[in-house]
Every structure is written in structure tokens, then in C-alpha cells.
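Student: I have a model on screen and would like to learn to read it. Can we take it feature by feature?

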Amino acid sequence: MAEQVVLVVTVLLFLAAAVVSAVKRVRLPYAVALVLTGAALATLLRRAVDEGLIAESRLDGFELTPGVVLYVLLPILIFQAAFHIESRRLLRNILPIATLAIPAVLISTAVVALLLFLFGDIPHHRVLVAALLFGAMVSTTDAVAVVAIFRDLGAPKRLAMLAEGEALFNTGTALVLFGIILKIMVDPAAAADGVLVLLARGFADFLWLGVGGLVFGAAVGLVCSWLLALAEDSRVEITLTTVCAFASFLAAGLVGVSDVMAVIGAGLTVGNYGRTKISPQVIGPLEHYWAYLAFVANSIVFLLVGLSLRAEGLITYADSIAVAIVAVLIARASGIFTLMPLVNRVSEHKVDLPVQTVMWWGGMRGALVLVVALSLSQLDEQVLAAAGGSEQAPAWLEWQALKPYILHLAFGVVFFTILINAPTLTPLIRMLGIGRITAQDRVAAMQARLLAKREARLRLLGLRDDGVISREVYDLVTDRYVRAEAALRRDLATIRRGDASEFGVDDERRMLLGHCFAGESVQLRELFYRGEIAEWVMKDLHITLDNQLELLKRGDEPDLDELARGGGTRLGDRLRRWSGRLLGRGRIADALRASLVGRDYQLAVARMSSIEAALVEIKDLETAGAISNASLRAVSNFYAGQRDAVRRRFESTARIYPEHTARMQESLSERFCLQSEEDVIRELVDRGRVPEKVAAEAVDEIHDAMGRARSLQKGGARLIRPEELVRRIPFFSELPPADVARISNVLRPISFPAGEAIVNEGDAGDTMYLIATGTVEVEARDEAAPGGIRRQGRLGEGDFFGEIALLAGVKRTATVRAVEPCAVLELSREDLTELTSGHPDLDKAVREAYRARILASVLVHIPAFRRLDDAERGRLAQEFRLRRFAAGDHLFEAGDVQASLWVIERGKVQLELAPAETASAEADPDGAAQTVAAAAELPPQTSLHEGEAFGQQHVCTPERVGYRALAVEPTQALVLAHLELMALIERQPGLRAKLPEVTGGPSVAELPPAGGNEPR
């Protein structure tokens, strides 16, 4: 038997290699070719046996045992698929993927089961359960062939991510569901329970098996990742990933969770978190290793499926196979075309109808369906025991009839998707216009040819200078190339002058941006292979750049916010940000923020290098004359802005964490030099100048030194000394060291990574912040502004914010977000009182800023002033006058002309009816009626505190009021009088059109006198 297995595996692998090599010429999916090859070989072998040419066919009698199927091939196929899923892409598309993985699988299972129940002629008395079993089994999809087709056609990468993510997770969901239904099928006790009990138990099992399996697998993956960090040998690292795949599968059965979901969780964890622990030089061989294992597993399954084909079996079940194929297509359509429109309503990233159509037709079934179908024999002993041990029992006979029925139906469905769906998917994609060759693609190809011809001329010049070719030959060939380049430039110019709707200036600019983004990706990959950046840096920036390319292909503009964040949307980063916000203030929260700032630094270093590579690309295109001057200027300006923004982030981080930055720079320098040493040594070995044994020892020493160099950047990121931060604040820059030390004990330094919200609008605020280094942006919610957010401006070093909530005791009036890594000094209300008592300049500056910002906050919410821009509201704020009132003073009396806008800077004001009017109302019913009328004039809010305003309508249209304003405690108010407002409008005529409410109402002089009361 052992000899037979070795022979069969050897022959199968040889056939797989031969088939894969051959199909490249005929452009046939290799899975299709493998099945056809297996079927053809089986036919030839059987005919040879029938004609007596050979006595026995070892291949014809060989079958995959259920143990090999379950414990060898299944973990390989699932782990390899999960290992290559990038978590950021997965999270970006999690809603459609989750929809396809859970609700769509349930719909598919139900629809297939219903149609098979009605028309399938199932050989079992529990027809519905058997139909559900088959429906769950064929709900798994295989993305290998589909993704290969997508790549060949240049389809959007998001389409490949949707296919891969769906195939991975719906496999887990479908197999968990399959296991639950199979348990009901073979367990008589479970079958005896009622429907509601079965549904409740099934739902609980689904959660435990599915979610529990994912969590358990992730835990195994974490352990493997920690071991990978300790490994210093490439062979050990590759072995650990193999152990992780099979250990998670086997251990899950002991714990009682889904083994498939456990492998998915382990693969995702090792493929994302664990990758950061793997040595850079091992990543390539590791990926090739798992790709090879998956190739072997797929090849063996598909070839053996072809070898297992029996024409008589397919004829026997032909009607049921046809029903199954139609049912699978209808079920797939039911899940996608009903659920995706619902997902589009709530998802930011839409899945349009052409993509839905491709996903429907591209939902191919592959090796996993066949593996599950073949694994049914694992339950023979259990079914036989349930049947009383008798092979003549009806339950056992039905089981024996059901297995080939399910196997042949599964084969039929898989064959159909491989033989029909796969070959026709390419024409369908082209017909729908997905990934079609556009005018931009043609221009890009012409530019590539132009650059290639120019480079060829330069290399030809080197041959002439070296004396390899004569000057005459050089001139002859160069003349041909110069003419060809001129023709390409004319063709490019013709396209630019043609139909702008097909290819305009904006199209060329976006195309050039795409060219530069692609150049950045190449540079990042080279930096990683040279050991200068970590893999997570390369992957994060790759995903960001790929997202920009997708936007450009759709005709949109690059997402500047995402480019600014770099890799700031990774799951780990989100968890750190969330944990930091949850913990608030403290050593742990500060450490989390510090780790994010350190990541910002590494991303900034890598992006600076990739931007320089993009600028080189732009220069090459300019030299070759392959792009218009307008596009060159636009893209050059874009990248100049990107370079300045990244440099500011880089420098800001260096100022906040000088020691950590120095260590990271030292680590980078060491690794750069060591990688250069290794490159030189390997080059000398290739030239035969250094023996390989000596070189191997030197390379091992270099790798050890690289490990030590990488450890330099693992230390904690300590913030710059508080005294140095304090000296960057203008108020404290000239103070003696003793005062700086005292202030440093009051102010608490905190660092924030780019994109982090320092304060959020609507939160309670009892602290203010002074910016020591970096830049922040102030934004507030405004329904009238684009996107519902109004950006109020930026603050830099030496500025402060948060004083409104601190001094007025109100909620935050705006959100302040770090534009780049920044360090701020936090100050509480008590500490502010202590600090300003000895520094009047600081107290004055804080009060003036408080007044300016509280007025800006009030004015932007007054309807009459909404048409003004920020500068005009700033000029209006200068017209306010400060007035002080003692406790018990009246700001104005009932019956006075109210002609002012009042903003409470400090204290409390109560709006109320005059006591005399209330007493008169009690004595005279008519007076009571007047009191009611006066009371109706009271504003909705009668008790006003710091930061609140009243009189908004009266500053526009003065009128007499039936209430008075009383200072409940010592109060300071900022007052804008109607006359001052009118005077400003006279000085600024442009305001007249923006303030129709003011100019359209009666003036104070037009109101009749009332007892000599002056306007207030």
C-alpha cells in the first residue's frame, strides 16, 4: 500500500506540473485542465484494462481516504487562503464580505435545499435534512481560479478582495452549518427534538463553533507569532507556521469548536500580526512554501476527482445533478442580488451591479466541496452504530445510498462551475466593462514605450563608449529610435488634442498620479527587501497607495486624508486609539499614544523615500517628453505638498521623541549598512572571489547584527523632557530655570499621533491645552457645511485651546484633532488659577483668546450671521464691548428698548418678569392678560451661564421687551449694540447683502419713547 501511495502521488505531481506548464499556452484555468486530464487518464486506463493491455491500474483503484482529506489537505487549503488575507483590506470591505459569509450562505443553503427537496429525488427518508446538508456543503466558494482571472484582466483589486474574503469566511460558515446539520442527520436523539429546540440549539452551536473557533484559532496564532519573534532560523520560522496550521485544526476538535474556523483565525493572525515577527528575508520563501503546498493539495484533489469520474454514475444521477446546478445558480443569485443593494445603503464602499454580476457568476466551487463530500465516510461507524450494527438496517442502507448521491451531485456542481463558469467569466467581465482597456491605459502603454526606447538609447551609448559597437552603427540605430520616439510623442499629442471626454487634461493628471503611486509601491518593496523598513510599513502604505489607484481609476481624486494617515487605520492602531480614549489619562494611555507616534515616524520615513522615488519618475517622464507641462506642474505641486506634509510629521515626531528617534535612526543606519555588506558579499561569491563557506559565516554574522540593530527600535518611546516643552511656549521662554521647573510640575505633557482627536465636541471639559510642538485642526459640526463638518482653522506651536470649556464650565464647543504628531501640555482649572496668578501675561492672553473664541462660537450659530465667513465674523467680534455688573445689578429693565446681543463671559444672568407686573396681574385680570403677553416674550432659556448668549433678534431689530435681565452673581458680559453693528455695515458695504435681517428692521430712533428709557 505504501508503494502504491508513493507511486500515485509521484505520478499525480508530475501530471500537475505538466498540465500547469501546458495550460499557460492555451489560457485555460489549471483546475479545469487538471480535472480533464484526470478524467482522460482514467478513461485510458480503464480501456487498457478492458482490452487486456494491463492487468490492473493502480491509479484506477486509488482513492483518497477521509483521514487524508480532513487532516492533511483541508488545513493546508484553508490556512494558505487565510494567511494571504490583508486585515486592512478585509476590514475595509467587512460589511459586504460578512453579508456574503453569513446571511448569503444561509439563503443559499435554504434555496438549494428547497429546490432539491422538490425536484432532487433524494434517496433518504429524511429528505429535507439531506437537502439542507447538500445545500450547506455547496455554499462554499473557491476564489483561486477567479482571482487568477481578475489579475490577468487587470480588474480592480477590491473585486479580488471580495472574492477572497467571501471564499474564506463563507467556507467557515458553511462548514459549521454543515457540521450542525450532519449531526442532526446521523444522531437519532437530536432528530427526536422539536423544531424550535433544534433551531435554538443550532443557533447556539453556530455561535460557539464559529465565533469560538475564530477566537481559539487567533489565540493559537498569537502563540505562534510570539514564537516566531524568538526564532532566528528561517527553517524554524517556516516550520512554526506549518505547526500552527495543523495544531489549530487538531486542537480545535479537543476544545469543541470549529476546526475550520480555528484554522481561519490562526491563518489571519499569523498572516498579519505574525508577519511583523518574521525575518524579512524569510517572507518570500515562506509565501512560496505555502503557495506550493496549496498547489499540491489542489492538484491532487482535482486530479483524483477526474480519476474518480464514472460515466455510469453521472448518467444515473443526471437529473438530480441538473437540478443541483440550477439550484446553486439560483441560490447564489438570491443571496447576492437581494443582499448587496441593502449593503450599499449603509456601506461607504458600494458594490455596483456589474461587480455583483461577476461575483454571482464567479462563485465557483472547488476542492473544498469535494473534500467535504469525500469526508462523509468518516461517519460510517457512527451511522452503523446508530443503526444497531446491522448492515441490513434501513438507516445504514439509506446512508450508503446517500453518500454516492451527494458525491456525484457535488462533482457535477464543481465540474459545471469549472468547465462553464470559469472559461466564460473572462468574456463576462469584458462585456460588463470591468477592467477594460481605456484611453488612459493606451496612453500609459505609449509612455512606457517612450521611456523604454529612451533607456535603450542610453544603454546603447554605453556600448559605443566601451568600443563594443562602432559610431556608425550607433548613429544608425539611434536615428531609428529617435524617429520612433518622435512618432510616439506625436501620437500622444494627437490624443491630448482629441476628444476631451475620452482623454482630457484631468485624465492625464490622474494617470500621472497613478504612475507615481505605482512607483512609490515599487520603491517601498525595494526598501523592504533591503531590510530598511518593516513589512507592516510596506503593506500599510501599499494598501493606502492601492486605494488611491482605485479612486483614480474611477475618475475620483486621491484621498488626502488617507494619504496623510498612512497606515493609521490598521486594526492594531484602532485598538490602541480606542484603548487610549477609554483609559483617558495615565501612564498606560500615554504609552499607547507614544507607540502610535513611533509608528507614525516609521511610516513617515518610508513615505519620504517613496515620494522621492515618485519625483524621480516625474523627472524621467518630463525628460522623455511623455507628459504635458500642465500635468507635470499639477502633479509636481501635489507631491511637493505631500513631501512638505510628511517632512513636518517626521520633524514633529523627532522633536517630541528625540531619544526614540535617535535610536530608530541608528537602527535604520545599521541595517542599511549591514544589508549593503551582505549584497557586496553575495556579489563577490557570484564572481568566485570569496569561498561560499566563508561567505555563509559572514552572512550569518550580518544577520545576527541585523537582529541587534532591529532591537534598538523596540525600546519605549520617552517624551521629550517637560522643561524643554515648557520653554517652547512663548509665555515661558524667558523665565528663569526655577520658574520653568515649577511650571513643569503643573503642566502635564501628552503626545498625540496624527489623526487623533485631542478633545471632542460635546464632551465635558475641565482642562485646557498648550501646544508645545506640532499642528492641530479645529472643527465643529455644522449641517450647512460640506460633510456636516466646518473646519475653523489650525493652531501651531505656542497656541492653546480648550479654554472655553475650562473657564466657562460648558461642554467642548469644537473637536481639536492632531494634524501631525504633536505634544501638548495639559492644564486643569485649579492649576490654571495657580499658574496665571504669577504670570499676568499668560492670564491676559488666555482671557483674550477665550473672548475671541467664545464670540466665534456664538456668532456662527446665530442665523443672521451665518452668511458671514470666518474673517467677517472676526471683524464683527471686535465690535463687542466688555461690561461688568455686580450681583443684583440689572442689565436692563422691563420696558427698555433691547438693542444688543449679550454674551456672558463670566457669571450668571437671570431673565424674568418685573415683580410689579406680577403683583398687578394678581389684582387686575386685564393686567394679567398683559403679563401673559409679556411672559410670551421671554426667551426659551431664562437662566444663562458663561458662554451663553441672548438678544440675538434684538441686535438686528431693536424693540421694547417685557422682561428684565438680572445679574445673579458678579458678571462680565460682551455686548454688541445695534448702533455699532450698523456702523460696521457702513464701513464695510459688502456686509449689507449678507445681513438683510439687520438692514431690513426698524432702527432704534424709529421706536416711540417709553418713559425716557434708553436703548440697551
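Student: What are the ground rules?
Tutor: This is a predicted model, so to speak of local features takes pLDDT of at least 70 and side-chain atom pairs count only at pLDDT 80 or more, while totals for chains, interfaces and linings use all residues. Residues are numbered from 1 along each chain as its sequence is written, and side-chain values use heavy atoms, with hydrogens and water left out.

Student: How many helices and strands are there in the protein?
Tutor: Helices (H or I, at least four residues) and strands (E, at least two) are DSSP runs, numbered from the N terminus. Here there are 41 helices and 18 strands.

Student: What share of the residues counts as buried?
Tutor: Buried means under 20% relative accessible area; exposed is over 50%, and partly exposed lies in between (1.4 Å probe, protein chains only). Of the 1016 residues, 49% count as buried.

Student: And what about contacts?
Tutor: Contact means heavy atoms within 4.5 Å. Among contacts with a separation of 6 or more, 80% come from residues 24 or more positions apart.

Student: Which residues have the most contacts inside the largest nonpolar core?
Tutor: A nonpolar core is a set of buried Ala, Val, Leu, Ile, Met, Phe, Trp, Tyr and Cys residues joined through side-chain atoms within 4.5 Å. The largest one has 174 residues, and Phe79, Leu116, Phe134, Met137, Trp399 and Tyr639 have the most contacts inside it. Helix α21 (residues 394-432) gives the largest share, 17 residues. Apart from this core lies another of 25 residues, including Leu876 and Phe880.

Student: What does Leu116 touch, beyond its neighbours within four places in sequence?
Tutor: Its contacts include Phe134, Val323, Tyr405 and Leu409.

Student: At what angle do α8 and α21 pack?
Tutor: Axes are lines fitted to C-alpha atoms, for helices over the stretch in contact, and angles run from 0 to 180 degrees between N-to-C directions. Helix α8 (residues 127-137) packs on α21 at about 35°, with the axes 11 Å apart. For handedness, look at the near helix: turned anticlockwise from the far one by less than a right angle, the crossing is left-handed; clockwise, right-handed. α8 passes α21 in a right-handed crossing. On the α8 side, Ala130, Leu133, Phe134 and Met137 make the contact; on the α21 side, Leu402, Ile406, Leu409, Ala410 and Val413.

Student: How does that contact divide by class?
Tutor: Ala, Val, Leu, Ile, Met, Phe, Trp, Tyr, Cys and Pro count as nonpolar; Asp, Glu, Lys and Arg as charged; the others, Gly among them, as polar. The contact of α8 with α21 has nine nonpolar, no polar and no charged residues.

Student: Where do the side chains of β13 point?
Tutor: Along β13 (residues 909-912) they alternate. β13 pairs with β17 (residues 964-967) in the antiparallel sense over four bridges. In β17, Ala965 is the bridge partner of Leu911. Two bridges join β13 to the antiparallel β14 (residues 943-944), where Ser943 stands opposite Gln910.

Student: Is Glu879 buried or exposed?
Tutor: Buried, with a relative accessible area of 10%. Glu879 is in the loop between α37 (870-877) and β9. Leaving aside neighbours within four places in sequence, its contacts are Val975, Leu976, Glu980, Leu984 and Arg987.

Student: How far apart are Trp361 and Thr424 in space?
Tutor: They are 8.9 Å apart, C-alpha to C-alpha, and 63 residues apart in sequence. Trp361 lies in helix α18 (residues 353-361) and counts as buried at 14% relative accessibility. Beyond four places in sequence, Trp361 is in contact with residues including Leu329, Ile420 and Thr424.

Terms used: Two strands pair if DSSP finds at least two bridges between them.
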